[in-house]
Amino acid sequence: MNVADRRRILGPLNAKPLQFASADGNLQDAHLQETQSGDETLYIQQGIVTNANGSAYLEIASPTKNDQHILLLASVYGPRPTRGTFSARAALSIQFKENTLEQFTAGEVKELCNFLASVFRAVINLNRYPKSGIDIFLNLIQYVGPSGTSSLEAIIPACINAIMLALIDAGIETLDTVSAGSYKGTVISFIRNGDEIVGFWADNDFDNNGSYAVTVDKCRRHYIQNRNAMLDYIVKTK
Amino acid sequence: MSADIITVVKREAGLHFANDLQFESDSDVEMSESEESNEKREAGEGSIVTPGELVTDDPIWMRGHGTYFLENQTFASVAGTVSRVNRLLSVVPLRGRYSPETGDHVIGRIAEIGNRRWRVDIGAKQHAVLMLGSVNLPGGVLRRKSESDELQMRNFLKEGDLLNAEVQSLYQDGSASLHTRSLKYGKLRNGVFLQVPSALIVRSKNHTHNLPGNVTIILGVNGFVWLRKTSDVDLSSGQNTVTGKNAATLSGAGRDYKPGNTSVSITRLEEESSWEIYSDKNDHISSSSRKTITRYSNVIKALAHCEIGITETRVVAGYEASMAYENISSLIEKDNMEALGQDVLNSEKMRGNNQPAAFETRA
Amino acid sequence: MSLSVTEKSYLHDSLCLDPPARPDGRVAHQLRPIEIFTDFLPACNGSAKISASDGSECVVSVKAKVVERALEEELILVDVDVAGQRDDSPFVHSIASLLTKVLNQKIHQKNLRLTQKYAFKLFVDVLVLSSKSHPLSLISFAVYSALKATYLPKLISSDDDLEVAELPTFHDYDMVKLDVDPPLLFTTAVIGNNAVIDPAHSESEVACSGILVTWSKGKVTAPIRTIGLNDEYVTGIDVTLLEKSIELVEKTAPAVVKALDGL
C-alpha cells in the first residue's frame with residue numbers, strides 16, 4: 001500500500017478508465033450537408049445545441065482565398081418572457097464570443113454585435129413577439145484568415161448566415177431569408193432576392209475602377225450563392 | 001433654394017464667467033433694486049428675488065410656495081417673482097417644472113399603464129394619474145366601466161400616446177388627477193408635438209385655438225404644445241362649446257371587441273364617442289398643411305428661444321412675420337429666430353395692446 | 001422618450017413626400033446649425049465644445065504624450081463617454097472603437113512623427129453631455145475642430161536619434177500647430193424614397209435605415225455602414241437609396257468642411 005502515489009487523486013480502487021465509443025459508424029446522419037457555393041465549401045448542421053431553441057453550425061472553407069477557414073456556431077434562445085415594463089415587440093440581443101484565439105478587440109466585437117442586431121431587427125418579425133426577448137449567441141470556434149490576418153469583414157457573412165439558419169431552426173418568424181455576400185472587404189446583406197439592402201459594411205475603400213455599382217453586384221452574386229446553399233440545405237433535410 | 005447647408009458659429013474666446021456678466025448684462029438693474037428693497041426689509045409685489053433673500057420681516061404674511069420662515073422673517077427659497085394674494089406670500093419660480101393646478105388644460109404622454117389607471121407624463125414633478133373612470137369609452141360616455149375595459153386599457157391608450165386633458169383634482173402630494181370627459185379632450189392625432197418651458201404659457205380661458213392656415217393649436221398649460229390640422233370638431237366646437245359633431249366614419253368598426261355594443265345608445269353623443277376617438281390613424285393631410293404646421297412649430301420655437309410668453313395673438317403675429325422668410329428652413333437659424341421675436345414684440349407695441357404677463361426678451 | 005403612433009405616422013408620411021417635409025423645415029441636405037467653441041481647456045493640447053440647435057452638446061479634448069514608435073501600434077486613442085449611457089454599453093464601445101479605427105486609418109502617422117524613434121500619441125477624449133439623436137456626426141465635428149486647434153510642443157533636439165540614447169527635448173513655450181486632415185463622419189437617414197442628412201431624434205425614430213458615411217480628403221471613403229436608428233421602422237432599403245445617401249454626403253460635405261475650417 002505504501003507504493004500508492006499520494007501526489008495524485010486516484011479515485012476508488014474499483015474505478016475503470018473511461019472508454020470512448022469507436023468513431024467509425026453513424027456519425028454521418030441526414031443533418032449533414034456539404035454544399036459547394038462558388039469557390040467556397042459550406043458545411044451546415046442545424047440543431048446541435050440541444051438546450052437552445054435553435055442552433056446552427058457552419059463551416060466555411062475557401063481554398064481559393066488562401067485557405068480561409070471559419071468554424072462558427074450560432075444558438076438562439078427564445079422568444080422567452082422578459083420581466084419589467086411592457087414592450088410591444090421582442091427585444092433582440094446578439095452576443096459574439098471567440099472560443100479559441102482572441103483576434104478581435106472588445107470594441108470591434110461590440111461593433112459587430114451592433115451591426116448584426118441592426119440587420120436582424122429589420123428581418124425578424126419582432127412585432128409577433130411582444131413582452132419577450134430573443135437572445136442570440138455566436139461562438140467563433142476557429143477563424144484562419146487569408147495568410148494569417150484577421151479582419152472582421154471576413155466573418156460577417158458567416159455570422160449572418162449562421163444566425164439565419166439558427167433562427168429557422170428555432171422557428172422564429174422572419175420576413176425573408178437574409179444572407180450576405182462580400183467582395184474585397186465590403187459586406188452587403190440583402191433580402192428580397194438582392195433588391196433590398198438590410199446591412200452595409202465597408203471598412204475598405206472601393207476599388208478605384210470598380211465603384212459602388214460593381215461592388216454591389218459582386219456582393220449580390222455572392223449573396224445569392226450563399227442563400228441558395230442555405231435554402232438547398234433546408235429543403236433537403238426537412 | 002438659397003438655404004445654407006450648415007451654419008457654424010464660433011463662440012468668442014473665453015468662458016463667460018458670472019462676474020463678467022454682472023457688469024455687462026441689464027439684469028444688473030434688477031439686482032440693485034432688490035438690494036435696495038433688502039434695506040427696506042421688504043420685497044414688493046412682482047420684484048425678483050433670489051434664494052435666501054429676505055422677502056419680508058413682517059410676520060403677518062402667510063408663507064406660500066417658494067418661501068421659508070426663520071426667526072420671524074420670510075426668505076425666498078427659489079429665484080423668481082414675489083406674488084401676494086390677500087395674505088398669502090409666495091415666490092413664483094422663473095424656471096422649474098410645471099406645477100399642476102385644478103382646471104388646467106394640459107397635454108400629456110402616457111408613461112405607464114397601471115391598475116385601472118394610466119400614469120401620464122405632464123412635465124410635472126410626479127406623473128399625473130388618469131383613472132379608467134375618467135375617460136370616455138367607446139359605447140357611451142355614461143356607461144359603467146366593466147372588467148373587460150380594464151383588460152383592454154392598452155387598446156384605448158398605450159405607452160407613448162399623447163392626449164389632452166384637464167386637471168380634475170390634486171392629490172395630497174401635489175400630483176394631478178386628470179380627466180378627458182369632454183369631446184375636446186382625448187387622444188391627439190394629425191399633427192406634431194413640441195415642448196416649451198411651461199412658464200411661457202399664459203393660463204387663459206381657452207387653450208385651443210384655430211389659427212389661420214387651417215391649423216389648430218393646443219397650448220397646454222404645462223408647456224406641451226400640439227399643432228394639428230383643423231378638424232371638423234375644431235371648427236364646430238368654435239368657442240369652447242362642445243357640440244360633438246364628428247362626421248368621420250368609424251374606423252374601429254372592424255374590431256371584434258366593442259364594449260357596450262349590446263347597450264342601447266340613448267344620445268347622439270354616445271355614438272360619437274366610439275372607437276374613433278382612440279384611433280391611431282391620421283387623416284389625409286396635404287403637403288401644404290404639413291408645411292404650415294412646420295412653419296408654426298418653428299415660430300413657436302423662435303418665441304420660446306426669445307423667452308416671449310406664448311399666446312394665440314403672438315403665434316399669429318409670429319406666423320405673419322415669418323412670411324418674410326420664404327424658406328421655413330431659415331427659421332432654425334439663431335439670428336432669424338431672434339429677429340422674429342423682435343418683430344413680434346414690435347408689432348405688439350405698435351398695436352399698443354398690453355398682453356398679460358408679457359415676458360421681456362433676453363436680448 | 002418614445003413618440004406616439006400618430007406622431008410617428010405623421011412624421012413618416014411627411015418625410016416620404018417628395019421633397020421630404022422635415023419636422024423642422026430643413027431641406028434634405030441641410031444640417032442643424034451648430035456652435036463651436038475651441039481651445040478652452042488650458043490643460044489640454046487642443047479642445048472643442050460643440051452645441052447643436054436641439055441642445056445636443058459634446059466636449060472633446062486632445063492630449064499628447066511622447067511614445068516610442070516601435071512600441072505603439074496606434075498613435076491615436078479615442079475614449080468616449082456618453083451621459084446617460086453605461087461606459088461598457090455596446091453603443092459607447094462601438095463608437096469609440098469606430099472612431100479610433102477611422103482616425104488611425106485616415107490620419108497619417110507621419111504627421112505625428114517626432115524623431116526617428118519617438119512620436120506623439122494623441123489621446124482624444126470625447127464627452128457627450130447630452131444627445132437627442134445619434135451623436136456620431138456631432139462627435140466627429142467636435143473631434144475635427146479639436147484636432148484643427150491642437151498645438152504640440154516644438155522639438156528643439158535633433159530628429160535623428162536612432163543611434164543616440166537621448167530623449168527628445170522641447171522648447172519651453174513655443175508650440176507648433178498640428179497639421180492633420182481629420183475625417184468627418186456623416187449620418188443620413190433613409191425614409192421611403194428619400195435620404196436626409198443629419199437626422200434629428202424624431203426623424204431617426206421613423207427612419208427605415210441609417211447610413212454612416214465617412215468623408216476624408218475631399219471624397220467619400222470607407223467606412224460606410226448601415227446603422228440601426230430605431231426598432232420599429234427598420235426595413236431593407238433599395239439599393240439605389242444607399243447611393244443616394246452617398247451622393248447627399250458628397251454634395252454637403254465640402255460646405256461643411258469649409259464652414260468648419262472658416263472659423
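This is a predicted model: local features need pLDDT of at least 70, side-chain atom pairs count only at pLDDT 80 or more; totals for chains, interfaces and linings use all residues.
Visitor: Where should I begin with chain C, and into which domains is chain C divided?

Guide: Chain C falls into domain 1, made of residues 1-30 + 183-262, and domain 2, made of residues 34-182. The centres of these two domains of chain C, taken over C-alpha atoms, are separated by 27 Å. Where they touch, domain 1 of chain C contributes 19 residues and domain 2 of chain C contributes 14 residues.

Visitor: Which elements give two or more residues to the side of domain 1 of chain C that touches domain 2 of chain C?

Guide: On that side you will find β8 (184-191), α4 (201-205), β10 (209-216) and β11 (219-227) of chain C, each giving two or more residues.

Visitor: Now to the contact between chains: how many residues of chain C are in contact with chain B?

Guide: There are 33 residues of chain C in contact with 34 residues of chain B. On the chain C side, α1 (5-16), β1 (34-38) and α5 (239-261) each supply at least two residues, and α1(C) gives the most, with six residues. That side of chain C divides into 18 nonpolar, 10 polar and five charged residues.

Visitor: How do I read strands that pair, and which strand of chain B is joined to β1(C)?

Guide: The general idea is that strands of a sheet pair through backbone hydrogen bonds, either parallel or antiparallel. Here strand β1 of chain B, residues 8-10, is joined to β1(C) by three bridges, and the two strands run parallel. Within this pairing, K10(B) stands opposite I36(C).

Visitor: What order do the strands take in the open sheet of chain B?

Guide: This open sheet has four strands in the order β15-β18-β17-β16 (chain B), and their pairing is antiparallel. At the edges stand β15 (191-195) and β16 (208-211) of chain B, each with a single partner strand, so one side of each has no neighbour in the sheet. On average, neighbouring strands of the sheet are turned by 20° against each other, direction ignored.

Visitor: Which residues of helix α8 of chain B are buried, and against what do they pack?

Guide: In this helix, residues 312-322 of chain B, the buried residues are R314(B), V315(B), A317(B), G318(B), Y319(B) and S322(B). The buried residues of α8(B) pack against β16, β17, α7 and α9 (334-351) of chain B.

Visitor: And into which domains is chain B divided?

Guide: Chain B is divided into domain 1 (47-93), domain 2 (96-188) and domain 3 (189-236 + 284-353), and the C-alpha centres of domain 1 and domain 3 of chain B lie 35 Å apart.

Definitions and conventions: Residues are numbered from 1 along each chain as its sequence is written. Chains are lettered from A and ligands numbered from 1 in the order in which they are written. Domain bounds come from an automatic or database domain assignment. Two residues are in contact if their C-beta atoms, placed from the backbone, lie within 7 Å. Ala, Val, Leu, Ile, Met, Phe, Trp, Tyr, Cys and Pro count as nonpolar, Asp, Glu, Lys and Arg as charged, and the others, Gly among them, as polar. Two strands pair if DSSP finds at least two bridges between them. Axes are lines fitted to C-alpha atoms, for helices over the stretch in contact, and angles run from 0 to 180 degrees between N-to-C directions. A residue is buried if 20 or more other C-beta atoms lie within 10 Å of its own, exposed if 12 or fewer, and partly exposed in between; C-beta atoms are placed from the backbone.
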